[in-house]
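Please consult the sequence and the structure shown here alongside the text.

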Amino acid sequence: MAEPLPVLEMTGIVKEFPGVRALSGVDFRLFPGEIHALLGENGAGKSTLIKVLTGVYSLDGGTVTLNGTSVRFHSPSQAQQAGISTVYQEVNLCPNLSVAENIFIGREPTRFGRIQWKRLRREAAELVDRLGLDIDVEAPLSSYPLAVQQLVAIVRSVGTGDADGQGAGTKVLILDEPTSSLDRDEVLELFALMRRLKGEGVAILFVSHFLDQIYEVCDRMTVLRNGTLVGEHMVRDLDQVGLVQLMIGKALDQLEELHDHQLHADVGESLLKADGVGRTGGIAPFDLEIKKGEVIGLAGLLGSGRTELARLLFGADQPDTGKVTIGGKQVSMSAPNDAIAAGVAFCSENRKTEGLVPDLTVRENIILALQATRGWTRPIPVAQRDELVAKYIKALDIRPANPEARVGQLSGGNQQKVLLARWLITRPKLLILDEPTRGIDIGAKAEIQKLVVSLSEEGMAVLYIAAELEEVLRLSHTIGVLRDRKLVAQLANGPEITPTRILETIASGEHQ
Amino acid sequence: MTTTPRWRTLTRHHLFWPVAVLVVLLLVNVPFTPDFFSIKMTDGHLYGSLVSIVLFGSPLILVAVGMTLVIATGGIDLSVGAVVAITGALTCSYISDQADQDALSGVLLAMGIGLVAAVVCGLWNGFLVARMGIQPIIATLIIMVAGRGVAQLITDGQIITVNSEPYKLIGGGYWLTLPFSIFVVAAVVAVTVALTRRTALGLLVESVGGNAEASRLVGIRSRRIKIMVYVFCALCAGIAGLMISSNTSAADGNNAGLWIELDAILAVVIGGTSLLGGRFSIGGTVVGALVIQTLTTTIYTIGVPTQTNLVFKAAVVIIVCLMQSPKFRAKVFGGGRLGGRFGGKRGDRSTATPADTAATPETVRTMEVS
């Protein structure tokens, strides 16, 4: 098949933020009439690339060519005028206005400075009709479910530039995670619309965490990792295992070498049981049992629902379905307090926004959780407080070893240790660690992993989330595999459990 | 500038700038009133400018101390002025209905009624902010506006005067040679410090104000804490309301405590508590309130004409706020060229004030991490 000329070509794209090179020399091309998936883990540079393309960020290097002419956008509206439209995950429309008004907002057909309402409604109806949608354009947008609102957002962006009624405006449509809050039928409707637009020659850039959807609807894909281009492939040429490997960036045999485990065998009685616990838009209902002294590792791509699962077990988000029992007693999980009272501790992956109070001192941050369980009327006695804090500063080797230091000034690894200390002094039965080793140096990383092992030997259950598979494999008795916001498998760790096996499970989504 | 370690430790103390401003303001008075610092004993009462500053500043200190805790949680309470009016109106109208206005039990009951009303206002504010999730500035605006109406309803739009000796004590009486209100203020400040620093309340308040989501995830019951601080703030305003109406032996629904919320917020900011919440300093707030009261007194002593005294006050406030801004100090003193920079661009400086006021060291760091 002779390839037509790409409608959009980005070459050698570089984008730098202070201290970070978000994109280094990325090439990307988009052909008319194709659906092109942009893939990569969180932080791989997908959003940055989109934002550079749409003029949200300025370019630090490289060229963008649209229809053969070199372009450089300085704002999203410039990109839009040139025919590049973006629809984001959240619908940015006005729910109180009608569908037709939303479609034409900001570019209403006017005559003598007055809006031609009839023409506006007629053209909106024609546009909706042409795209094969059954939507009453005069109804307020809020009367439709979120999925339809999203379709309207797409119709709006496709209609961009056709104030003259020609509808030839949009050449490139960017859909950033449009399916994350849609159910299966709604996704199918969205795909039908995407295929229709593709048939009209629109080039669609599709970003999704759901690998199945990529394989269902996309023609071509570009994979990014750590801000660099890993490869561009036709979807039919690359299977899911190969894709996952590309995204994670390790060949399978390389993973095997690192894999050895010495886990203690004495896992105790059942501690926590989750029956059908789930949350719409978070994670599909799952069953999970955690035993005393057991380390459960969660494996899955970023965005596959690992954090969401952990947050439900802590009451950080409230489950819609199912029940959680801890130590034989059902826990309501209506707030973190319930879980904390039952002995659950949670170190969030977002240390700065969900963990530490940066203005407070190391000492204050460490005692915060224990103090919260005691309430404000019963302060921890000064002597006991200082002793506890000193003990954990020493045990975890927090530097500087100064309880009066402001926590915001500590390094990432030491901040993580402060968070760990905060929860360890509450003597939890289950410790949930979400990416505890992310962004910290290798020494601190090893210390934290060692700590997990010794805690579990003392009988504490640990739910361990990490991006690195070998890290999960090294520490865990059981590995929960997540994919597309579902807990698809729970594998007992053993010699036959290898990174390959886990990658296959992630890729295929099947129990084995 | 010489910077010995001891001097640096001193200037870095969070109370250094507020206290320095206060001292300078006090010294300004000396050339105009040579006996400014002298205190005389007359009729068994101590008199002097310093005593008056504390006496007249008492209601503001009370309101500002309550405001400090609200601001530390990241909130703000605009309703305190109206609460002052409501408390005064209820208490005075109850006393004026008594056959014997000098009866202690009646006066105590009246004060109790007034304070209960204040607490109810605080509960309402706390309910709107913590339970309903309404932004504090809007939630408390309701009582700020409606509360004055309620106060006037209670007084029938009149100024109610009372003639009660026991009631006169709290705002206008003397005890152990000093104005009684000074003791009330000292007690409230002491209780507040004990409540926040002897228990864990201060820590939890600072945690909620410093990072609300992290606080929720460690299991702090932040709603409860927020309701408590709004109730406490209203209670402080209520006591201030008693003091003001007692001092004049009258309740004026229209003017009692008018604009005191703004002075209180200013006092808190001068005292070094960031409007973004987090770290707070009760001591700083007391100093801040004294700065504002000293300023008012100074305006009278040095004889600024009445029609320009608000302008004078504004100018001083601008200077005080700029002095507190680390950015401004670095720019002006860092370069060592104080003279040339200050005169010319007054307009620019004053527009820059609100932002710079909020930019205490704490604020700057909070903004970096978030």
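Predicted model: local features only at pLDDT ≥ 70, side-chain atom pairs only at ≥ 80, totals over all residues.

The points below cover salt bridges, backbone geometry and aromatic contacts.

Residues are numbered from 1 along each chain as its sequence is written, chains are lettered from A and ligands numbered from 1 in the order in which they are written, and side-chain values use heavy atoms, with hydrogens and water left out.

**Salt bridges**

- A salt bridge is counted when a side-chain nitrogen of Lys or Arg lies within 4 Å of a carboxyl oxygen of Asp or Glu; over all chains, the count is 29.
- Side chains of opposite charge can pair when their charged atoms come close.
- K15(A) and D60(A) form one such salt bridge, with their closest N and O atoms 3.9 Å apart.
- K15(A) belongs to strand 1 (residues 8-17) of chain A and D60(A) to the loop between helix 1 (46-53) and strand 4 (61-66), so this pair ties together parts that are 45 residues apart in sequence. Helices (H or I, at least four residues) and strands (E, at least two) are DSSP runs, numbered from the N terminus.
- K15(A) is buried at 7% relative accessible area, whereas D60(A) is partly exposed at 41%. Buried means under 20% relative accessible area, exposed over 50%, and partly exposed in between, with a 1.4 Å probe and protein chains only.
- E126(A) and R122(A) form a salt bridge at 3.8 Å, N to O. Both residues lie in helix 4 (residues 117-130) of chain A, four residues apart, which is about one turn of the helix.
- E126(A) is partly exposed, with 47% relative accessibility, and R122(A) is partly exposed, also with 47%.
- R485(A) and E308(A) meet in a salt bridge at 3.4 Å, N to O. This pair links distant parts of the chain, 177 residues apart: R485(A) is in the loop between strand 21 (478-483) and strand 22 (486-492), and E308(A) is in helix 10 (residues 306-314) of chain A.
- R485(A) is buried at 18% relative accessibility, while E308(A) is partly exposed at 22%.
- Through shared partners, salt bridges join R311(A), D317(A), E354(A), E213(B) and R216(B) into one network.

**Backbone geometry**

- R399(A) and P400(A) are joined by a cis peptide bond, with omega about -5°. P400(A) lies in the loop between helix 14 (382-395) and helix 15 (412-424) of chain A.
- R485(A), a residue other than glycine, has a positive phi near 60°.
- S249(B), also a residue other than glycine, has a positive phi near 50°. S249(B) is in the loop between helix 11 (222-248) and strand 6 (250-252) of chain B, and is buried at 16% relative accessibility.

**Aromatic contacts**

- Over all chains, the aromatic pairs number nine. Rings of Phe, Tyr and Trp (its six-membered ring) pair if their centres lie within 6.5 Å; planes under 30 degrees apart count as stacked, over 60 as edge-to-face and the rest as tilted.
- F16(B) and W17(B) have ring centres 5.2 Å apart and planes at 85°, so the pair is edge-to-face. F16(B) is buried at 16% relative accessible area.
- Ring pairs link F314(A), F346(A) and W423(A) into a cluster.
- R197(B) lies over the face of F280(B), at 4.4 Å from the ring centre; this requires NZ of Lys or CZ of Arg within 6 Å of the ring centre and within 35 degrees of the ring normal.
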